[in-house]
Amino acid sequence: LNGIDIKTPQSQKRKLFIYYTKPNNNINPAELDLYEKNLFFVSRQIPYKKGFADTIDLGIGVNGIYLFAVELKNGTTQTYRDAKEQLMKRDLNTPFFKHILCSFAMDRYIIEMTAALCGKDTKFLPFNKGFDSGAGNRPVTENDLYPTDYFYNEIMTVESITNLIQYLIFNDGKT
């Protein structure tokens with residue numbers, strides 16, 4: 001993500017930087033300054049096709065590029081299973097899904113994720129924190145809003161997204 005070679009109209013080769021990685025140390029303050037200029041964002045109800053009928057509940061990204069898609073359900077009238085079904089029916093040929101690294105289906109109690117949406121053949125994995133050495137998520141306590149609040153408070157933070165981009169996501173040269 002750091003530099004992509006592009007040709008300008010004058011046929012000069014230039015690098016386009018779409019994301020600046022976090023430096024491992026503070027030896028070069030200019031590198032930290034560039035990293036801090038990255039713009040992380042969250043958007044609600046993103047129309048991913050023409051018209052507002054086809055929307056993604058939540059999009060999370062950096063510098064104008066969506067990296068994560070989230071379908072949210074309330075856990076009572078609809079659950080994470082409905083969110084999974086909804087994601088599997090999305091039109092994946094739209095520009096929105098070209099850069100999505102991971103899609104999440106969640107309600108207030110359960111989260112599942114996939115790194116490869118592929119229609120009805122999509123495989124989802126549990127993305128739960130676990131409770132008492134078991135599966136699922138912890139029960140709600142008096143200070144909690146819901147058992148999946150760790151997704152927002154721990155996983156989808158600037159620091160965590162930065163670590164994902166820098167250390168766990170790579171380009172295999174095919175895209």
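Biologist: How do E5 and E6 run, and how many bridges join them?

Modeller: E5 and E6 run parallel, and five bridges join them. This is a predicted model. In that pairing, Glu71 stands opposite Ala105 of E6.

Biologist: What is the strand order in the open sheet?

Modeller: The order is E3-E4-E5-E6-E7-E8, six strands with mixed pairing. The edges are strand E3 (40-47) and strand E8 (125-126), each of which pairs on one side only.

Biologist: What holds E8 to E7?

Modeller: Two bridges join E8 to strand E7 (residues 111-114), and the two strands run antiparallel. Pro126 in E8 is the bridge partner of Glu112.

Biologist: Back to E6. How many of its residues are buried?

Modeller: Five of its five residues are buried. Cys102, Phe104 and Met106 lie on one side of E6, with Ser103 and Ala105 on the other.

Biologist: Why the two sets?

Modeller: Side chains in a regular strand alternate between the two faces of the sheet. In E6 both faces are covered.

Biologist: What lies across E6?

Modeller: Helix H2 (residues 80-88) lies across strand E5 (65-72), strand E6 (102-106) and E7. The angle between H2 and E6 is about 145°.

Biologist: Which H2 residues are buried, and what do they pack against?

Modeller: Tyr80, Ala83, Lys84, Leu87 and Met88 are the buried residues of H2. They are on the same side of H2, because they cover an arc of only 135° around the axis. The buried residues of H2 pack against E5, E6 and E7.

Biologist: Which residues touch the most other members in the largest nonpolar core?

Modeller: Ile60, Phe68, Val70, Phe104, Phe151 and Met156 do, out of 18 residues in that core. At least two residues each come from strand E4 (55-62), E5, E6, E7, H3 and helix H4 (158-168). There is also a second, separate core of 13 residues, which includes Tyr48, Ala69, Met88 and Phe97.

Biologist: What is Met156 in contact with, sequence neighbours within four places aside?

Modeller: Met156 is in contact with Ile60, Phe68, Phe104, Phe151 and Ile161.

Biologist: And Ile155, where is that, and what is in contact with it?

Modeller: Ile155 is in helix H3 (residues 150-155). Leaving aside neighbours within four places in sequence, its contacts are Phe127, Tyr150, Ser160 and Ile161.

Biologist: Why does Ile155 count as partly exposed?

Modeller: Its relative accessible area is 22%, and buried means under 20%.

Biologist: Different topic. How many disulfides are there?

Modeller: Zero, from a search of the whole structure. Of the cysteines, Cys102 counts as buried at 8% relative accessibility. Cys118 is partly exposed, with a relative accessible area of 41%.

Biologist: Which residues other than glycine have a positive phi?

Modeller: Gln45 is one of them, with phi near 45°. Asn63 also has a positive phi, about 50°. Most residues other than glycine have a negative phi.

Biologist: Where are Gln45 and Asn63 placed?

Modeller: Gln45 is in strand E3, and Asn63 is in the loop between E4 and E5. Gln45 counts as partly exposed at 38% relative accessibility. Asn63 counts as partly exposed at 29%.

Notes: Residues are numbered from 1 along each chain as its sequence is written. This is a predicted model: local features need pLDDT of at least 70, side-chain atom pairs count only at pLDDT 80 or more; totals for chains, interfaces and linings use all residues. Side-chain values use heavy atoms; hydrogens and water are left out. Two strands pair if DSSP finds at least two bridges between them. Helices (H or I, at least four residues) and strands (E, at least two) are DSSP runs, numbered from the N terminus. Contact means heavy atoms within 4.5 Å. Axes are lines fitted to C-alpha atoms, for helices over the stretch in contact, and angles run from 0 to 180 degrees between N-to-C directions. A disulfide is a pair of cysteine sulfur atoms within 2.5 Å. Buried means under 20% relative accessible area, exposed over 50%, partly exposed in between (1.4 Å probe, protein chains only). The arc is that of the directions from the helix axis to the C-beta atoms. A nonpolar core is a set of buried Ala, Val, Leu, Ile, Met, Phe, Trp, Tyr and Cys residues joined through side-chain atoms within 4.5 Å.
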